[in-house]
Amino acid sequence: MGEFALQARRRTLFVLGALCFLSVGLLARLLDLQVFRRDFLVGKAQECISMEKTIRARRGHIYDARGRALAVNEKGYVLWIDGLALKEGLKDVGPVAVFMLAEMATWPDRATVQTYLSGQGTGNILWTRWLDPKDVEKLRKVMEVQEERLEGIRLKGGAYLEIEPRRTYPYGSLFASVIGYLHGESPPDDREVTAYTATLGIEQFYDLLLKGRDGLMRIERDAKDFRIPIGKYEEYPAHDGANITLTLDLNIQYQAQRLLAKAMKEQDVEARRGDIIVMDPRSGAILAMVTIPSFDPNQISACANDEQCKKLLFTNPAIGWTYEPGSTMKILTIAIALEEAIIRPESTFECTGEVEAAGVYFHNWNGLAHGHETMGEILLHSCNIGAATLNLRVGAGAYYPYLERLGFKEPTGVDMAGESSGLFLTPEDDGWSEASLASNAFGQGIAITPLQLLTAVSAVANGGNLLKPYVVQAIEQDGVVTATIPTLRGRVFRQETCREVTEMLAGIGAIKGEDGGPFVPGYRVAVKTGTAQIPIEGQVGYEPHRTIASTIGYAPAGDPRFLILVRIEGNSVIWGEDAALPVVRELTRYLLTYLQIPPTEEVPSGP
Ligand SMILES: [Zn+2]
């Protein structure tokens, strides 16, 4: 090439460069669409290509209370197939590669896979999302690498491995319902940015903070893909997402999960599912939230053929499903009656085994009359008659405002997606009667979420404060850490009332050890069991052969550091005392040790 020709070429380049810059918007869009169709585009643009490329913001990590990573980003590959290039290359890639591609296809349906592999496909198609690194290596071997770049690897025969950060959850199903997951939803022809939907839990609730803001890069390149020295280069950097530290502790979560799984496998327990929430009643911080069964957020497609699993992809049962709490509700019934001065702690009650309200006769679960009962014994015997009688004496006018103040009419406001609210009738509603008031006393005719119940009982445990439960301890954005400050939703009970109820519950704890002694030697533990009936869906009445066994416990009773709710939903009739209480006992022991809480009581020494 002569000197003149070279100058002319340079001039042309410059002009083309300027043109490129002017038409950047239009051209970039077009060019950008396709790495695959680059040859075609290169032909059109001759010497210069302007590229617009998204700089993906790094999604924030999620850590447990002690800084252990629960959700992180790993380098991953997405496999794209260019139908036309594959058709061209089929004869070169050989049967092994075709077989491998058929094996790896996860995204298109089988018919589409066949169409492409028989050379009938056109256009680019997302073939495999999240290719296993081993598969990447295999593919590289059988389909020669044509070009390798920062953003991906092009193989001969129309395969393109795009690098994409992959969200992974190192503890799999253990935190799935709390953290949620990311679901890639890239339409097959949109090559530039995969759209993610953050679903459930923290991922969904804090999506805006976690995902940050993507940046943009505009580059001009010559046909050989080198950046033109005089070309424009613009970069709008990405703003990375915030890192989140949870209040949940991996150790407590793991223990809760282990103990629940163990209890659900016990001989006499035919369990359908179960959950545990552990909360710090002083702040509302949730220390553990476990649900069994769960799902693996790294492999949500594994849920496809399992109806129960599919439901869990969109709901965390501990906050999203309501149930009729049964006898654990009596903690609140007693507290309300004390607060309203209907009773005093030393009041007594004559239990005849029957009480009538609005023409409905109520009995105890075993049909027994307890005779002379203290208020503590109403709780200990889990006496429906005593509880119903208290509610009838408190009266609807005073009672229902408490249910509102305890937060049963609204979601608790916990910072996770998918929370539900409670449901109960009040005197203004059709269908309400004094019988509703009586049955509410022992946890029937009222549907609330486990978290709502635990938050309300937490107000008894902590001296009367209804708090907003939360799972995020701190958010780190641009190096600045913002810690969560507990939120007081309202005062419900006087301290005196709370102390009195706690005394009664600690009285139960004092005899609920394996040997009939203290629940946990050396400590006072407040305990209440419950066996909840399950309403028949869409009908009046309860399932006759199935119950939810539950137990609430908190310790140390005078100044509780944690509050536990265990629920096991049976496939048969199972009792709170048999199925759930032992889990609370073991978990309480673990927590007292783990949180290094010194004993408050003398432990009787040996014989
Ligand atoms: Zn009774």
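User: Hi! Before we get to the helix pair, how are the axes defined, and what range do the angles run over?
Analyst: Hello! Axes are lines fitted to C-alpha atoms, for helices over the stretch in contact, and angles between N-to-C directions run from 0 to 180 degrees. Keep in mind that this is a predicted model.

User: Good. So at what angle do α13 and α19 pack, and how far apart are their axes?
Analyst: Helix α13, residues 330–339, packs on helix α19, residues 495–509, at an angle of about 140 degrees. Their axes are 9 Å apart. That angle makes α13 oblique to α19, because only angles over 145 count as roughly antiparallel.

User: And is the crossing left-handed or right-handed?
Analyst: α13 passes α19 in a right-handed crossing.

User: Nice. Which residues meet there?
Analyst: From α13 you have Ile331, Ile334, Ala335, Leu338 and Glu339, and they meet Thr497, Glu500, Val501, Met504 and Leu505 in α19. By class, the contact has seven nonpolar residues, one polar and two charged.

User: Switching to α18. What span should it have, and what does the model give?
Analyst: Helix α18 covers residues 450–461, so its 12 residues should span 16 Å at 1.5 Å a residue. The end C-alpha atoms are 16 Å apart, which agrees.

User: How many of its residues are buried?
Analyst: 12 of 12, so to speak a mostly covered helix. Among them are Pro450, Gln452, Thr455 and Ser458.

User: What follows α18?
Analyst: Gly463 follows α18, with a positive phi near 100 degrees.

User: How about α15, how many of its residues are buried?
Analyst: Helix α15, residues 384–394, is mostly covered as well, with 10 of its 11 residues buried. The buried ones include Asn384, Gly386, Thr389 and Val394. Just after α15 comes Gly395, which takes a positive phi of about 85 degrees.

User: Now the loops. Where does Tyr523 lie, and is it buried or exposed?
Analyst: Tyr523 lies in the loop between α19 and β25. Tyr523 is buried, because 21 other C-beta atoms lie within 10 Å and the cut-off for buried is 20 or more.

User: What does Tyr523 contact, leaving aside neighbours within four places in sequence?
Analyst: Tyr523 is in contact with Ala555, Pro556, Leu592, Pro599, Thr600 and Glu601. Take Leu592: Tyr523 and Leu592 are 69 residues apart in sequence, and their C-alpha atoms are 8.9 Å apart in space.

User: Last one, Glu410. Where is it, and is it buried or exposed?
Analyst: Glu410 sits in the loop between α16 and β19. With 12 C-beta neighbours inside 10 Å, Glu410 counts as exposed. Glu410 and Ile448 are 38 residues apart in sequence and 9.7 Å apart in space, C-alpha to C-alpha.

Terms used: Residues numbered from 1 in each chain as written. Predicted model: local features only at pLDDT ≥ 70, side-chain atom pairs only at ≥ 80, totals over all residues. Helix = DSSP H or I, 4+ residues; strand = E, 2+ residues; numbered from the N terminus. Parallel < 35°, antiparallel > 145°, perpendicular 65-115°, else oblique. Left-handed = near helix turned anticlockwise from the far one by under 90°. Contact = placed C-beta atoms within 7 Å. Nonpolar A, V, L, I, M, F, W, Y, C, P; charged D, E, K, R; others polar. Expected span 1.5 Å × (residues − 1).
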